[in-house]
Amino acid sequence: MLERLLASWAGVSPRERRLVLLAASVLLLAAVFLVLIEPAWRGRAALRTELPLLRAQLATVQSLAQEAGALAGRGASAPASAAHVRLALEKSAAAAGLGPALQKIELNGELIELRFRGVSHERWLNWLAGALPETRTRVIDLSLTREAAPGVVSARVVLEAPRRRAG
């Protein structure tokens, strides 16, 4: 096969050889451009448009990391015991206007049970959403019972106080 190709190449006139070599070199240059240069060129253009967005995202992540660090530092002032958490919950319920509806607050080890009667569902839910991160507690058990009046409930919630870290 190679001999046949070389024999036909020897039979081609010098002018035709130059034209075939020129066409082959143009095809080779086109292939090099399409495979190596053009993808890199497009990649640089894409990076040029993406880079400001990535920098903005980096700045957002860094500010969130700083905020998380500040919040972690604030966690050192969290209540030291379940009794302190109980007191903080009582105070926050009173501040939210739920004091009269708070029927019972009971401490059982690291668990704090609160019972509310005849409380506005929205007000109670807003209080709970604020009290959980403030006291660093988590809900263990929750039950709501609808009262006769619209938007009024009786609630029982059991919260777990944050665990103390050994240190």
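Tutor: Start with pairing: two strands count as paired if DSSP finds at least two bridges between them. One caution before using that: this is a predicted model.

Student: What makes E3 and E4 a pair, then?
Tutor: Strand E3 (residues 138-146) and E4 share 8 bridges, in the antiparallel sense. The rule asks for at least two, so the label holds.

Student: What lies between E3 and E4 in their hairpin?
Tutor: There are 5 residues between the strands. In that hairpin, Gly151 has a positive phi near 80°.

Student: In what order do the strands form the sheet?
Tutor: The order is E1-E2-E4-E3, 4 strands in an open sheet with antiparallel pairing.

Student: Why is E4 described as largely enclosed?
Tutor: Strand E4 (residues 152-160) has 9 residues, and 7 of them are buried, so the rest of the structure largely encloses E4. Buried means under 20% relative accessible area.

Student: How do you know how far H4 reaches against expectation?
Tutor: Helix H4 (residues 121-135) has 15 residues. From its first C-alpha to its last, H4 reaches 21 Å, close to the 21 Å expected at 1.5 Å a residue.

Student: Which residues of H4 are buried?
Tutor: Trp124, Trp127, Leu128, Ala131 and Thr135. They cover an arc of only 105° around the axis, so they sit on the same side of H4. The other side has Glu122, Asn126, Ala129 and Pro133 exposed.

Student: What covers the buried residues of H4?
Tutor: The cover includes helix H3 (82-95), E2, E3 and E4. Just after H4 comes Arg136, with a positive phi of about 60°.

Student: And what makes H3 a helix with a buried side?
Tutor: Take the residues. Ala82, Val85, Leu89, Ser92 and Ala93 are buried in H3. Their arc around the axis is only 100°, so they lie on the same side of H3. They pack against E1, E2, H4 and E4. The face turned away carries exposed Lys91 and Ala95.

Student: What phi does Gly97 have, after H3?
Tutor: The phi of Gly97 is positive, near 85°.

Student: How many aromatic pairs are there?
Tutor: The count comes to 2. Phe116 and Trp124 form one that is edge-to-face.

Student: Why is the pair of Phe116 and Trp124 called edge-to-face?
Tutor: Check the centres: 6.4 Å apart, and the limit is within 6.5 Å. Now the planes: 70° between them. Edge-to-face needs over 60 degrees, so the label follows. Ring pairs link Phe116, Trp124 and Trp127 into a cluster.

Student: Why does Phe116 count as buried?
Tutor: Phe116 has 2% relative accessibility. The cut-off is under 20%, so Phe116 is buried. Trp124 passes too, with a relative accessible area of 0%.

Student: Why is Leu6 called exposed?
Tutor: Leu6 is at 53% relative accessibility. Exposed means over 50%, so the label applies to Leu6. Leu6 is found in helix H1 (residues 2-10).

Student: How many residues apart are Leu6 and Ala23 along the chain?
Tutor: They are 17 residues apart along the chain, with 18 Å between their C-alpha atoms.

Terms used. Residues are numbered from 1 along each chain as its sequence is written. This is a predicted model: local features need pLDDT of at least 70, side-chain atom pairs count only at pLDDT 80 or more; totals for chains, interfaces and linings use all residues. Side-chain values use heavy atoms; hydrogens and water are left out. Buried means under 20% relative accessible area, exposed over 50%, partly exposed in between (1.4 Å probe, protein chains only). Helices (H or I, at least four residues) and strands (E, at least two) are DSSP runs, numbered from the N terminus. The expected span of a helix is 1.5 Å times one less than its number of residues. The arc is that of the directions from the helix axis to the C-beta atoms. Contact means heavy atoms within 4.5 Å. Rings of Phe, Tyr and Trp (its six-membered ring) pair if their centres lie within 6.5 Å; planes under 30 degrees apart count as stacked, over 60 as edge-to-face and the rest as tilted.
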